[in-house]
Every structure is written in structure tokens, then in C-alpha cells.
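Trainee: I'm new to this structure, so please pick one part and take me through it closely. I'd like to know how its pieces pair up and what packs against them.

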Amino acid sequence: MSAIQSAFPGAVLESRVESDRRLWITVDPKRLVEITQFLRDKKDFDHYSGAAGIDRINENLFEVVEILTSHGAHQVVVLMKVKVPRDKPSVRSLTGLYWNANWYEREIWEMFGINFEGHPELYPLLLPDELVGYWPWRKDFKGYPDTTTGERAIEQVGPDGYTEFKIMPHPELIKAGVVPERPKYPTFREREEAEIKSDSEMIMHMGPQHAIVPGPFLLDLLIEGERVKKAFLDVGYIHKGIEKIMENRTYLQGIVYTDRMCYLASITNNEAYCGAVERLLGITPPERAQYIRVILAELSRIQSHLLGTGEFLTLLGAATYSPFQYMIIDREDIVYLMESITGARITHTFVRFGGVRNDLPDGFADKARPILKRMRERTEEYMDLLHSDPIYTRRMRGIGVLSPGDARRLGVSGPPLRASDTPYDMRREDPILVYPDLDFKVVTRKAGDAEARVEVRLEEILESIHIIEQCLDRIPDGPIQEKLPKKIKPEPGEAYYRVEDPRGEMGFYVVSDGSEKPYRVKVRGPVYAYMQALPPLLEGAYVADVVAIAGSMDACTSEVDR
């Protein structure tokens, strides 16, 4: 903090330092880029973790919070805020400093209508073109026009056969003479076609329904011969508006929505949200509850890695020996253990503010130990099987290589980043619960290719087993839940809490206004970062390798479209 104040006297308007290595500062918007560059170049904040927009309608302003961290040089998280007037909101873009700021700024623009000066491509990301300009995350948003009745949506079929919808403004806006001017920009299709430079190039569609996509999204490839010249990604097909929904539910009701962001990571999503609310409440769960939460988080990691790896192998043509079927059988044992604790197979809603919903069932450790022993043996078999398969290694080795520098620049986390020789894991970088007391190693590889990404996931299963076995040996007796009032109403404030979910860095930024509902919830998900990094990763690759590269990232569209 003192370094920033010395370098930029008068630029820091507000500040506070939290004991958990969080630095919250509000800076002069005119100095945002300079301060950010100083933090990146002089203080090793080389990781742009994300950004959040907040509508402070009662103060007639917007806030943008930039989240900066380091890839291992230190463990400080800076949450740097700027405030801009609500009638003409504009913030200087950080895309010139961090490549991956692109999507975060585009999302804030389309949801809040906050302009980012200098952004190279301020186009819609998650919303369809027809709905851009209504700024749905604003507090005074009254809902979209009704596209089902046709009263305000006009369907037009162009000469090329494409159907477009024009949505008329709300009658009340027309009557008041305050119809907002819709932003103008080239459509996704126009941006693609602008990149075609010769007759030897063509666009090939993969999706929105395709075997390689674990949910609907469009991956368009501009190809020349057998090579990918440029890739285009269109997401938002199943956007659920979860962040906005959570603003209209009580804190407790919000937990169930975190399950639905990604069913393979529902436990860690519960943890990230509840952890942020616990910071607002100033409470710490009892030690026994912390152990139970760690056990479930690691079981969740195992089942996610098994399903993700198994599905990926079928895409790669491994159906002939089909390890997928065996991985699903093994995963069933892990899901059984989780179900015995939470009562649910995939959407658990189990973590609670200040603890957990249930204690471990009687005899859980005796049931778990033989399953974990068998899981370790099976995982080692899978690793041997893949290493001994020459077809698999030819399709995976040296394919889709992410160098350590590129992986960090593109903002990926989790197994893809660790496969690129970067030991970045929230369980070490920003430890929570009882993780600091547990012995485990952060699995890495140097190759950075598709094979390394799968290897990291399989070896992480072994580490998760090691963690769970330690928890079963050490878990103390005691309460599983802090006593809290029936109505959760944190004092006004804000908190940021992050965990290592099966796919990487998952963070929840929660703002309280003192009521029983969150004022703002922002989700920073790992797959969102993966997906942004996918197009540059595919450029120059053979078309035949696209499946191996995209599949090895282990994406989850539902989390992107939270």
C-alpha cells in the first residue's frame, strides 16, 4: 500500500488491508492504467484474475473492481476499484496491459453499459445482439421485451435467408422520449467474414451442437488447407443470469444456484460462495466442519477428473478400448461416498455459512478407505495404459502446446496452467480451511501439451486420495456448525474468496448492503478463462488436432454461461 501511495501521491482515494492478504483500494480513474502497470511491472502482479461491475444507483455511480494477483511471487490479492458517474460511465481499458482483460470488460459493458476506452473489440459476448443496449445487470433494469408475443419483436428474414429480430423499445420510453441509443458494432458473422482474405480460405463450424463441446457454444474455424488460421468463439447460448438471480434471493437461497453453475463442481462452488459470505459475517466454521468440507472438495475433484478425462478419451477415438466405461464405474464409487454425506449425487447444496449441513455418516471412514485404495490402483492403471498406447501418445504429445509464458498471459488456471510448468494452486496460493495443515504436492508438467494436461489431472486424483486419507485420520470430534441467526444479514461491506475447484481458480465477490439479500454477486470461474484462451491456442493447429486441444482443456459451458 505504501509503495502505491509513494509512487502515485493523491491517487489512492480509499484503502484498507485485510489480514488475509487482501488489499482493497479505490483509485482515481484517470490513474488506473498507470497504477495497474506499476503493480504489474514493479510488484509482480502478473495475473489479471478478473473484474466486476457494480451499480451504486443510490449514489448515482458505477464501480468497476479489478482483481490482480501474482503467479507465485507473493500471495497478495489487490482489489482495485474505480468509481464513475452513472449518466456517462467510462473506464480506461486494461487490455493493453493484460490480454485476458478483454472478455471481462466486454461482459461489464454489455451487462452494465460501462464503456471501456481503448478496448479493441467492444462487442457482445454473452448476450444476443438483439438484447444489447438494455444493460440487464443495472439495478433499474425492468426486464427484456417480450419476444414470445411478437408485440415488440419484429422478425425479419434477410435476402441471404438469415432471420434477425429487431426489438422495439418499451412504449413508456418512447412516450417519455428517452429511448436509449443502441450501440452499433459488426455482428459475429460480419467479424468472421472480414477475416477471409482469399478463395482458399473458408469458415468451418463446430457447434453449437458438436461432440467436442460439453454444452452449446459455437467454435468457428477459419481454415486454409488443413491448418486453422483463426478461431472464433461464440458463447452465451445457455446463459442463466445466476448472478442477477442471486441478488434477488436471500443469502441462504443463493447456495442452491451455485450448484447449477457446474454440476461437476457444485461442492467447490458452494464453498466459494459460502466462504465469501463467511468473510462478510466474520465467522470461521468449526474445525470438524472444515475437514468435512475438504473431504468433499477432494472427492468432487476426483469424480470431475474421472468424467472429464473419460469423456475426452472417447472423443479422441479411444472407444475401442474404452477406458471411459471403467472410469464411469470408478466414479460411481466416489459419487456414492459423496451421496452418503450430502444425500445428493451432483447438486449437493451442502456447505452452509459457518459449517456444513450434516455430519459424516457412521462408519464413513471404514467405507471410504477401501474405495480410495482401489481408486489409487485404478488411476495408476489408467496412467500406465495411456503411456503404453502409441496411438494416444502420437495424438497428444506436442499437440496444443502452451508455454508457461503464454499460459500465464492468456489467464488460464488449474490443470492447463500447471501442465505448463506453473505450480499455481489456490490450495497453496490462497489456502482455506485446513489445507495448510495437510501434506500434498502441486502436480505440474513441463511439456504444456494436451498429454501433459491429462497427466496432471490423473496424478491430481492420487493427491486428492492422499489428502482425504489424512483428513480421515485427523478429523476431530466436535460441532459442525456455528450458531447463526435465522436471517443472515451481513453488515455492509464486500468480500472476495477463492478456491481451487476441479478446473482451477474459482472466486466469488459478494457485496452486502446490510439487507438479507446480496447487493451484488460476481463469479470468477476457471472455464470462462479457458474459453477465452482457446482461440489463440488453436491458431496454426491442424484441423484434426482441434478435438485433442479443445477437449484437453476440460471445459464446462454451463459455468461460462452462469
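Mentor: Start with helix α2 (residues 32-42), which lies across β2 (22-27), β4 and β5 (77-85). Contact here means heavy atoms within 4.5 Å. The direction of α2 runs at about 175 degrees to β5; such angles go from 0 to 180 degrees between N-to-C directions, with axes fitted as lines to C-alpha atoms, for helices over the stretch in contact. Helix α3 (residues 101-112) packs on the sheet too, touching β3 and β4, and its direction makes about 10 degrees with that of β3.

Before going on, keep in mind that this is a predicted model, where local features need pLDDT of at least 70 and side-chain atom pairs count only at pLDDT 80 or more, while totals for chains, interfaces and linings use all residues. Residues are numbered from 1 along each chain as its sequence is written, and side-chain values use heavy atoms, leaving out hydrogens and water. The element names come from DSSP runs numbered from the N terminus: helices are H or I with at least four residues, strands are E with at least two.

Now for the sheet itself. It's an open one of five strands, in the order β1-β2-β5-β4-β3, with mixed pairing. At its edges sit β1 (12-18) and β3 (47-56), each pairing on one side only. From one strand to the next, the twist averages 15 degrees. Two strands count as paired if DSSP finds at least two bridges between them.

Nine bridges join β3 to strand β4 (residues 61-69), and the two run antiparallel. Along that pairing, Y48 stands opposite L68 in β4. Next comes β4 with β5, again antiparallel, over eight bridges; here V65 has K81 in β5 as its bridge partner. For W24, the bridge partner in β5 is L79.

So how covered is β5? Mostly: seven of its nine residues are buried, where buried means under 20% relative accessible area, exposed over 50%, and partly exposed in between, using a 1.4 Å probe and protein chains only.

For contrast, have a look at another sheet in the model. This open sheet has three strands in the order β10-β11-β12, with antiparallel pairing. Its edge strands are β10 (201-206) and β12 (227-234), each of which pairs on one side only. Ignoring direction, neighbouring strands here are turned by 25 degrees against each other on average. β10 pairs antiparallel with strand β11 (residues 218-224) over six bridges, and H205 has D220 in β11 as its bridge partner. This sheet has a helix on it as well: α17 (residues 526-538) touches β11 and β12, and its direction makes about 165 degrees with that of β12.
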